Amino acid sequence: MADITDSSIQTEEAMVYCKLCLSDCPAAETSTLCSCNCVFCTQCLRQYVQLAIRDGAGTPITCPDVACKHPGALLDSEIASFASDDQVKFYQRLKFERGVQLNPCKAWCPVLECQAVCSVNPATKDKPMPIPCPTCHGVFCFACKEPWEDGHSCQQHQALVVLPANDSALASVDPDPVIKQCPKCGVYIERNQGCAQMLCKSCKHTFCWYCLQNLDGDIFLRHYDKGPCRNKLGHSRASVMWNRTQVAGILVGMSIIVVVTSPLLLLASPCILCCMCKPWHKKNEKKKKKKPTKETKPTDLAA
């Protein structure tokens, strides 16, 4: 009987709770992350890493627990243990490309057959300057990525031509490109359809697709009520109003909870203070009892 109870205790101790699949799994089927010592089942971590490689655009893969106190990036050896060789190579390539895009001292050679990484002076960023390629020995303009020639002038630095309003053929052409760069980190983003409120996967920056204005604090989407981006959100007016109603309802509900609970907390504060002070008073009483009494002198006994 004792052997059975001991074995049951050992099996219970060997079970570990996984926060991804919300179930208990044997400790032998779990993996511990080196950066934060969080434990998850190996199958969940494998799926998480593969999904992060596919949709992460080369961003660092961190602990999947949002409440992790010491979040950190997974090591390359950990990523290799949870993904196949092709996926690891794909992730390393995306990670390298992202590093080049975010590095102001690096730039890609625009020659399709070359695609080498060239060194750039940060002071010449977004300025028409000749950049030599160490691989193909070509020279290109850093601003427009076109071949550099004597008397070179970038098209993007030339004055914009205003189209006449009565020219319907030219006015019908959509000047908005399909691919743009994030205004914060510079990562290229493609938009083929959907909402005009964009969220960059690389830096989590929210901006308007048309004017690239910052929308991080615009929870009510007021940016699309006026100005050149009016009614360009990509959703119907009813859906926008419903979204604003939901956000306003959440804020009103939180304020009501605060207003209702604050008087109760004020009334209950004396009880809370008393409960907190009771252990302190008990400790003081125990200390007083433990103090040794003064020894009586012989003269006092004789008296």
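Colleague: How do the residues lining the second largest pocket divide into nonpolar, polar and charged?

Modeller: They divide into eight nonpolar, four polar and four charged. Here Ala, Val, Leu, Ile, Met, Phe, Trp, Tyr, Cys and Pro count as nonpolar, Asp, Glu, Lys and Arg as charged, and the others, Gly among them, as polar. Bear in mind that this is a predicted model, where local features need pLDDT of at least 70, side-chain atom pairs count only at pLDDT 80 or more, and totals for chains, interfaces and linings use all residues. Residues are numbered from 1 along each chain as its sequence is written, and side-chain values use heavy atoms, with hydrogens and water left out.

Colleague: What makes this a pocket, and what is its volume?

Modeller: On a 1 Å grid over the protein atoms alone, a pocket is an open set of points where a 1.4 Å probe fits, with protein on both sides within 12 Å along at least five of seven lines; lining residues have an atom within 4 Å of a point. The volume, about 360 Å³, is the space filled by probe spheres set on the points, which are joined across faces, edges and corners. Of its 16 lining residues, Tyr-48, Thr-59, Pro-60, Thr-62 and Lys-204 are the closest to the centre.

Colleague: Which domains supply the lining of the second largest pocket?

Modeller: Domain 1 (15–102) and domain 3 (178–239) each give at least three residues, with bounds from an automatic or database domain assignment.

Colleague: Why are the buried residues of H2 said to be on the same side?

Modeller: Thr-42, Cys-44, Leu-45, Val-49, Ala-52 and Ile-53 are the buried residues of H2. They cover an arc of only 165 degrees around the axis, so they lie on the same side of H2; the arc is that of the directions from the helix axis to the C-beta atoms.

Note on methods: Buried < 20%, exposed > 50% of the residue type's maximum accessible area, 1.4 Å probe, protein only. Helix = DSSP H or I, 4+ residues; strand = E, 2+ residues; numbered from the N terminus.
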